[in-house]
Amino acid sequence: METQQQNRVQAVKRQMDAEVGRRVHMLMWDQQLTQTSFGERVGIDQSSLAKKLRGQRGWSLDEVATVAAELGVSVSYLFGETDGVGPAGIEPTTSTV
């Protein structure tokens, strides 16, 4: 039974890594950033970044936070918890004044 739970946890982790990679890739595309130039900005070599973008290698929390700040989005956005892209981790809000 424990092995099944471990397998489920690993499957969820792979899905999250893939979602982060997909969203980072789309933001890089929108901002016309190459893997090499973006990797230099966030401290990840191009080969490792390519694998992370494809979901073949996991993201550390430090990497996700650094990438989110560099791309001007929230960590929540990269994890797929929200579709609102706010600057530097701040989600846009609506004011009811």
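What is the relative accessibility of M28, and does M28 count as buried or exposed?

Analyst: The model is predicted, so local features need pLDDT of at least 70 and side-chain atom pairs count only at pLDDT 80 or more, while totals for chains, interfaces and linings use all residues. Residues are numbered from 1 along each chain as its sequence is written, and side-chain values use heavy atoms, with hydrogens and water left out.

M28 counts as buried, at 2% relative accessibility. Buried means under 20% relative accessible area, exposed over 50%, and partly exposed in between, with a 1.4 Å probe and protein chains only. M28 sits in helix α1. Helices are DSSP runs of H or I of at least four residues, strands are E runs of at least two, and both are numbered from the N terminus.

Contact is taken as heavy atoms within 4.5 Å. With neighbours within four places in sequence set aside, M28 touches L33, T34, Q35, F38, L49 and L53. For F38, the C-alpha atoms lie 7.8 Å apart, at a sequence separation of 10 residues.

The helix that carries M28 comes next. Helix α1 covers residues 2-30, 29 residues in all; at 1.5 Å a residue it should span 42 Å, and its end C-alpha atoms are 42 Å apart, which agrees. The expected span is 1.5 Å times one less than the number of residues. Besides M28, the buried residues of α1 include D17, V20, G21, R23, V24 and L27. An α-helix has 3.6 residues a turn, so residues three or four places apart point the same way.

After α1 comes Q32, with a positive phi near 55°. Q32 is a residue other than glycine and belongs to the loop between α1 and α2. With a relative accessible area of 73%, Q32 is exposed, whereas M28 is buried at 2%.

The packing of α1 with α3 involves M28 directly. The angle between α1 and α3 is about 115°, with 7 Å between the axes. Axes here are lines fitted to C-alpha atoms, for helices over the stretch in contact, and angles run from 0 to 180 degrees between N-to-C directions. The two helices are therefore roughly perpendicular to each other. On this scale, angles under 35 degrees are roughly parallel, over 145 roughly antiparallel, 65 to 115 roughly perpendicular, and the rest oblique. On the α1 side the residues are D17, G21, R22, V24, H25 and M28, and they meet L49, K52 and L53 of α3.

Helix α2, which holds F38, also packs on α3. Their axes are 9 Å apart, at an angle of about 100°. That makes α2 roughly perpendicular to α3. Here Q35, T36, F38 and G39 of α2 meet Q46, L49, A50 and L53 of α3. Of these residues, Q35, F38, L49 and L53 are also among the contacts of M28. Helix α3 includes S47 as well, which is partly exposed at a relative accessible area of 38%.

The loop between α3 and α4 contains Q56, which is exposed at a relative accessible area of 54%. The C-alpha atom of Q56 is 7.7 Å from that of A18, although the two are 38 residues apart along the chain.

For the chain as a whole, there are five helices and zero strands. Of its 97 residues, 28% are buried, and M28 is one of the buried residues of α1. Among contacts with a separation of 6 or more, 45% join residues 24 or more positions apart.
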